[in-house]
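Here is a short report on one structure. Look over the sequence and the model, then read on.

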Amino acid sequence: RVLEVGLGLGRILVKRHQGNEEQVRLEIFRLGPVFHKLGQLLGTRPDVVGSGWAATLAPLQDRAFPFPFQEVEEELSMFQFFDETGAEAEDPPRPVGVGSLGQVYRVAPRTGGKHMALKVQRPGALESVRLDCELLQGFVDNMKLRSTLFAEIVDRVTQALLAELDYAQEARNTREFAAVMNEVPEVVVPLPVERYCGERTLAMEWVEGRTPAQLLEAGDKEGLRRLTELAIKSTMAQLLSTNVLHGDPHGGNLMLSPEGKLVYLDFGVLCRITEKQARGLLVMSAHMVNQEWTGLASALKDMEVVGDDTDQAVLGLDFAKELRGCMDQQAINSAMMKLGVKYKFRFPSYYMLLARALAPIEGYGKAADPDFDVMNASYPYVMERLSSADRRKLAEELGSGPSLSLLLKSLLRSIVLAVAAIRRSLKRLLCFFLPRRSA
């Protein structure tokens, strides 16, 4: 397998040198689900692989090659197949969705019943993932890369793939997310159909809807505006109320139903945060706006960005020294980079997940309205989710300063600003975290 992977990577480099990007993606896919997922992740990280490679890898997010239906035909013989519109499918049926680990068919039991979305695991996927994850982890250890960003990416890919292959856990995640999102009546979560779920199959209720890309292609700006509004409301509810966040909130996992509701799909991974962490995120941003540096250091501790052994007073003084009252993006970039190295900042997954959720939402909003502002749009939902007691407690933690109403508007802006600062500084941070080559 090591030889096979080595030859495959060699072909990828040759095809890339020849400018044949489609063949590069095909070779990555042929290496198996682990390398497909790694390519998908690196396609979103130009700070790691450079803009050229990121552009080559980006289409892997929405592109996968289906496996032949004949490989699973026997175990799916109990179902009747349909196309995406609900018409009877051709023989052999085509999947309505394809991923690196499996594909989805629109089906109904031959004995009669409602339509379902049936996810079928790619044959041999589990064995392939386990083998290649062990190979990558061995490479990281043998090359002494355990403390590098590459090792962190490998760990993330390993965890994500093993979680996505556990269909029983995904069914449990789906039921949990549906339960906590009951308080947002405009959100729809298709539930598992237990009778047809198995080790390699996951049956879900079929829900009609259009993704942001489909709405954009159809020129439905009103639909995009509605989806954006509901996505913001739902994200704020997840952050400030349910404390359970969808683990992969990209556009392919969101739809607008014909009834104008927001549909979530794919619950392989959920992110859970504590009330203390959620409040810490808000308080951190507010202290940054208010230039209260010791309070900012304390909030970073609550968010687990720095350890308990970090001297908060010293960290606060360092923030004050680095920023010196200057709160523009360049200054924050520089401070985050310098202090991130000194204090070994580790922004938790929920913080970056919030950034991943807000970034595409802002894109959808701007496609519907060029003047769309995600911070202003988020503000009323933050106020809605904070109870009077929460507001008083937050105001007490923040101490004197501007009114809470004005401060919350500012802190929402600072969340996005801080996220942008961190993302922009990652490339420069690499020079500190990646091992230097010896001469």
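## Strand E4 and its partners

E4 and strand E6 (residues 201-205) pair in the antiparallel sense over 5 bridges. Within this pairing, Ala117 has Met204 in E6 as its bridge partner. Pairing here requires that DSSP finds at least two bridges between two strands. Strands (E, at least two residues) and helices (H or I, at least four) are DSSP runs, numbered from the N terminus.

The model is predicted: local features need pLDDT of at least 70, side-chain atom pairs count only at pLDDT 80 or more, and totals for chains, interfaces and linings use all residues. Residues are numbered from 1 along each chain as its sequence is written, and side-chain values use heavy atoms, with hydrogens and water left out.

E4 also runs antiparallel to strand E3 (residues 102-109), joined by 6 bridges. Val107 is bridged to Met116 in E4. E3 and E4 form a hairpin with 6 residues between them. In the turn, Gly112 has a positive phi of about 105°.

How much of E4 is buried? In strand E4 (residues 116-121), 6 of the 6 residues are buried, so the strand is largely enclosed by the rest of the structure. Buried means under 20% relative accessible area, exposed over 50%, and partly exposed in between (1.4 Å probe, protein chains only). One side of E4 carries Met116, Leu118 and Val120; the other carries Ala117, Lys119 and Gln121.

Just after H12, Glu304 takes a positive phi of about 65°.

Asp318 lies in helix H13 (residues 312-323). Asp318 is buried, at 9% relative accessible area. Leaving out residues up to four places away in sequence, Asp318 touches Leu339, Lys342 and Tyr343. Contact means heavy atoms within 4.5 Å.

## Salt bridges

The whole structure holds 18 salt bridges. Each is a side-chain nitrogen of Lys or Arg within 4 Å of a carboxyl oxygen of Asp or Glu.

| Pair | N to O distance |
|---|---|
| Glu4 and Arg1 | 3.2 Å |
| Lys37 and Glu164 | 3.0 Å |
| Glu194 and Arg175 | 2.2 Å |

Glu194 is partly exposed at 45%, and Arg175 is partly exposed at 35%. Salt bridges that share partners join Arg1, Glu4 and Asp132 into one network.
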